[in-house]
Amino acid sequence: MAGLMAGFGNFTHAVVRAIPSSLAKEALRTNNLDVDLAKAQLEHEVYVNVLKQKLGLEVIELPADESLPDCVFVEDAAVVCGDTALITRPGAESRRKETEAMRQALKQLDLNIVEMTDENATLDGGDVLFTGREFFVGLSKRTNQKGAEILADAFKDYAVSTVPVLGGLHLKSFCSMGGPGLIVIGSSEPAQKTLKVFEKLKDHMLIPVSNMEKVKVDGALTCCSVLINKTANN
């Protein structure tokens with residue numbers, strides 16, 4: 001684990017988006033669980049405060065859009081590595097307008113914007129796992145081979161491997177990197193079993209963050225931010 005994380009860059013900025021009221025009833029989901037909107041918004045507020053206060057990131061907060069009930073899950077709208085930002089083409093057609101606000105936010109950070117214009121390609125950022133040395137792209141209901149190929153073309157300095165996603169919504173529904181020395185663990189039973197393993201890794205910082213409401217609409221912690229490393233040269 002230590003060797004794998006060593007190449008993973010530090011982050012300076014994060015882009016997040018507020019939760020619209022429409023999330024509770026209209027967000028896409030694979031179950032019929034009721035979402036407590038107030039609790040979801042409180043959990044999100046705590047999450048954003050962790051990014052600001054615990055991790056010291058400069059956080060760009062985008063406003064909610066009631067016409068886009070899934071818009072809080074900003075990770076799916078872009079993949080950022082170094083000074084390049086790939087604007088994705090989400091697999092769910094109802095989510096494709098979410099990229100507009102993300103594009104503007106990333107332009108303001110002076111990143112090089114790459115557009116995914118091929119109408120045969122789909123890519124959700126939740127299917128993209130960057131280890132610091134290579135990309136793994138989950139082939140799922142939301143991401144296809146063409147989307148993975150466009151990502152590989154956008155980030156030519158890194159190897160890109162595809163991974164079939166046979167269960168769960170995205171690749172990062174069940175695996176994620178938290179950053180150098182940081183592992184973020186959810187509160188579900190499978191996550192808590194994993195936590196018992198990670199607790200043995202004394203060199204890592206663990207920050208408990210609740211995600212009980214957003215998980216009801218298939219949202220994980222990593223879904224709620226796009227992390228960026230703005231170096232002095234960017």
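1. A residue is called buried under 20% relative accessible area, exposed over 50%, and partly exposed in between (1.4 Å probe, protein chains only). By that rule, buried residues account for 47% of the 234 residues in the protein. This is a predicted model, in which local features need pLDDT of at least 70, side-chain atom pairs count only at pLDDT 80 or more, and totals for chains, interfaces and linings use all residues. Residues are numbered from 1 along each chain as its sequence is written, and side-chain values use heavy atoms, with hydrogens and water left out.

2. Overall content. The protein has six helices and 11 strands; helices (H or I, at least four residues) and strands (E, at least two) are DSSP runs, numbered from the N terminus. A contact is a pair with heavy atoms within 4.5 Å. Of the contacts between residues at least 6 apart in sequence, 75% join residues at least 24 apart.

3. The sheet S2-S1-S11. These three strands form an open sheet in that order, with mixed pairing; two strands pair if DSSP finds at least two bridges between them. Neighbouring strands are turned by 20 degrees against each other on average, direction ignored. Axes here are lines fitted to C-alpha atoms, for helices over the stretch in contact, and angles run from 0 to 180 degrees between N-to-C directions. Strand S1 (residues 13-17) is parallel to S2, and the two pair over five bridges. Within that pairing, His13 is opposite Glu58 in S2.

4. Helices on that sheet. Helix H3 (residues 37-54) packs on the sheet and touches S1, S2 and S11, its direction making about 150 degrees with that of S2. Helix H4 (residues 98-108) also lies across S1, S2 and S11, at about 150 degrees to S1.

5. The core. A nonpolar core is a set of buried Ala, Val, Leu, Ile, Met, Phe, Trp, Tyr and Cys residues joined through side-chain atoms within 4.5 Å. The largest one has 17 residues, and Leu23, Leu51, Val59 and Phe73 have the most contacts inside it. S1, helix H2 (23-26) and H3 each give two or more residues to this core, and H3 provides its largest share, four residues. Leaving aside neighbours within four places in sequence, Val59 contacts Ala14, Val16, Val48, Leu51 and Lys52.

6. The sheet S3-S4-S5. This is an open sheet of three strands in that order, again with mixed pairing. Its edges are strand S3 (78-81) and strand S5 (112-115); each has a single partner strand, so one side of each lacks a neighbour in the sheet. Strand S4 (residues 84-87) runs parallel to S5, joined by four bridges, and Leu86 has Val114 as its bridge partner in S5. Helix H5 lies across S3, S4 and S5 at about 160 degrees to S4.

7. Arg142. This residue sits in the loop between S7 and H5. Is Arg142 buried or exposed? Arg142 is buried, because its relative accessible area is 14%. Beyond its neighbours within four places in sequence, its contacts include Asp124, Asp127, Arg95 and His170.
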